[in-house]
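Have a look at the structure first, then read on.

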Protein chains: 2
Amino acid sequence: MALEIAFIEVAPARHSEFELAVRRAVAEVLSKAVGFKDFQLHKGIERPNTYTFHIQWETLEDHTVGFREGPLFPQWRAIIGEFFAKPPVVEHWDSLGWNS
Amino acid sequence: MALEIAFIEVAPARHSEFELAVRRAVAEVLSKAVGFKDFQLHKGIERPNTYTFHIQWETLEDHTVGFREGPLFPQWRAIIGEFFAKPPVVEHWDSLGWNS
């Protein structure tokens, strides 16, 4: 399992509209991606104009190859890309297979 | 619900020892904190010497006041602090209350 963590800055006036767009983009696009397992949206407390996506993928390549190089990516960005105040910061993490 | 995300850099030679220490620190210390809900550990793919903790707290203050200013914090740091190659980067996030 690979966890994608993205940090996305959004202009203050567009927060509500962004949150609705994300909900639609997940339902209509991301949830159809091969290897997609889970999506969570969080909003910064210290950085109130920054959101973080946590997206669980079955494998790293399901995101980096299957999704990013496939036909769904332009649809995903068409819905949410206009809200990005700057390019998102994206990294991947291995879940170590145990919780508290 | 407040999510704490911490990024922690650990020297390569100490990864296994660190992972064991984290497991012990969560079981013996963190899990006793008031407002503690969940802990997850992930290891960087692009940054293989960096780990991230995701810690769910009932409220922000359960972490920033109750835990950090209480008697458990020195115990927590006594177990895992020696592995930090530099000071951890810690921020808090509001969970927006919906998943995919």
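**Notes on the helix pair and the interface**

1. Bear in mind that this is a predicted model. In chain B, helix α1 (residues 15-28) and helix α3 (residues 72-80) have axes that come within 9 Å and cross at roughly 165°. Angles over 145 degrees count as roughly antiparallel, and α1(B) and α3(B) are therefore roughly antiparallel to each other. As for handedness, the crossing of α1(B) past α3(B) is right-handed.

2. Who touches whom in that pair? On the α1(B) side we have B:A21, B:V22, B:R24 and B:A25, and they meet B:W76, B:I79 and B:I80 of α3(B). By class, the residues of this contact come out as six nonpolar and one charged, with no polar ones.

3. On to the contact between the chains: chain A puts in 25 residues and chain B puts in 25 residues. On the chain A side, β1 (2-9), α1 (15-28), β2 (36-44) and β4 (89-99) each supply at least two residues.

4. How are the two copies related? Chain A superposes on chain B by a rotation of 180° with 0.0 Å of shift along the axis, at an RMSD of 0.0 Å. That is the relation of a two-fold axis.

5. Last point, on which surface the copies use: 100% of the interface residues of chain A are interface residues in chain B as well, so the copies meet through the same surface.

Key: Residues are numbered from 1 along each chain as its sequence is written. Chains are lettered from A and ligands numbered from 1 in the order in which they are written. This is a predicted model: local features need pLDDT of at least 70, side-chain atom pairs count only at pLDDT 80 or more; totals for chains, interfaces and linings use all residues. Axes are lines fitted to C-alpha atoms, for helices over the stretch in contact, and angles run from 0 to 180 degrees between N-to-C directions. Helices (H or I, at least four residues) and strands (E, at least two) are DSSP runs, numbered from the N terminus. Angles under 35 degrees count as roughly parallel, over 145 as roughly antiparallel, 65 to 115 as roughly perpendicular and the rest as oblique. A crossing is left-handed if the near helix is turned anticlockwise from the far one by less than a right angle, and right-handed if clockwise. Two residues are in contact if their C-beta atoms, placed from the backbone, lie within 7 Å. Ala, Val, Leu, Ile, Met, Phe, Trp, Tyr, Cys and Pro count as nonpolar, Asp, Glu, Lys and Arg as charged, and the others, Gly among them, as polar. Copies are superposed by least squares on the C-alpha atoms of residues with pLDDT of at least 70 in both.
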